[in-house]
Amino acid sequence: MLTFVGTSHHLAPIEAREQLAIPGEALPDVLAQLGERFGAGTLVNTCNRMEVYLSGTHARRDVLDFLAGACGADRELVERACMDLHDT
């Protein structure tokens with residue numbers, strides 16, 4: 001099973017994607033926190049998209065809460081800007 005939560009230039013304006021960006025120097029700590037909270041996972045963070053891939057099934061609200069905290073973004077913005085998929 002795989003959980004995906006993320007956004008791209010197709011879903012969110014640049015202003016939202018800028019708030020969801022994780023600075024390169026913060027990435028090691030964010031990935032460590034991701035692993036502690038969800039187990040195996042990875043994060044893709046470019047100028048056009050931000051995506052989280054997690055092993056297993058995880059609630060959307062839990063992943064969005066994590067992202068809001070990791071990015072320092074407003075929780076409502078994260079909710080509006082992100083989509084999620086679950087592969088079983």
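**Close-up views of a predicted chain**

Figure 1. A polar atom of the S8 side chain lies 3.1 Å from the backbone nitrogen of H10. The serine belongs to strand 1, which covers residues 2-8. With a relative accessible area of 15%, S8 falls under the 20% limit and is therefore classed as buried. Apart from neighbours within four places in sequence, the residues in contact with S8 are R17, N48 and R49. One of these contacts, R49, is also the subject of the next view.

**Figure 2. The salt bridge between R49 and E51.** The closest N and O atoms of R49 and E51 are 2.9 Å apart, and the two residues form a salt bridge. Are the two partners buried or partly exposed? R49 has a relative accessibility of 36% and counts as partly exposed, whereas E51, with a relative accessible area of 10%, is buried. The assignment follows from the cut-offs: a residue is buried under 20% and exposed over 50%, and partly exposed in between.

**Figure 3. The salt bridge between R60 and D84.** The side chains of R60 and D84 meet in a salt bridge with an N to O distance of 2.7 Å. This pair links distant parts of the chain, since R60 is in helix 3 (residues 60-71) and D84 is in strand 4 (residues 83-87), 24 residues apart. R60 counts as partly exposed at 22% relative accessibility. D84 is likewise partly exposed, with a relative accessibility of 25%.

Figure 4. E79 and R75 form a salt bridge in which the closest N and O atoms are 3.0 Å apart. How far apart are these residues within helix 4? They are four residues apart in this helix (residues 75-81), so about one helical turn separates them. E79 counts as partly exposed at 34% relative accessibility, and R75 counts as partly exposed at 27%. Salt bridges that share partners join R75 and E79 with R60, D65 and D84 into one network. In total, the structure holds five salt bridges.

**Figure 5. The whole chain as the setting for the close-up views.** The chain contains four helices and four strands. Along the sequence, these elements follow the pattern β-α-α-β-β-α-α-β. The C-alpha atoms fill a box of roughly 30 × 25 × 20 Å, taken along the principal axes. For 88 residues, a compact globule would have a radius of gyration near 12 Å, and the value of 12 Å for the chain agrees with this expectation. Among contacts between residues at least 6 apart in sequence, 64% join residues at least 24 apart. Buried residues make up 36% of the 88 residues. The chain exposes about 4900 Å², of which carbon and sulfur atoms supply 52%.

Notes: Residues are numbered from 1 along each chain as its sequence is written. This is a predicted model: local features need pLDDT of at least 70, side-chain atom pairs count only at pLDDT 80 or more; totals for chains, interfaces and linings use all residues. Side-chain values use heavy atoms; hydrogens and water are left out. A salt bridge is a side-chain nitrogen of Lys or Arg within 4 Å of a carboxyl oxygen of Asp or Glu. Buried means under 20% relative accessible area, exposed over 50%, partly exposed in between (1.4 Å probe, protein chains only). Helices (H or I, at least four residues) and strands (E, at least two) are DSSP runs, numbered from the N terminus. A polar contact is a pair of N or O atoms within 3.5 Å; within protein, one must be able to donate a hydrogen and the other to accept it, and residues adjacent in sequence count only if both atoms are side-chain atoms. Contact means heavy atoms within 4.5 Å. The radius of gyration is taken over C-alpha atoms; the globule rule is 2.2 Å times the number of residues to the power 0.38. Accessible areas come from the Shrake-Rupley method with a 1.4 Å probe; for residues, only the protein chains shown count as cover.
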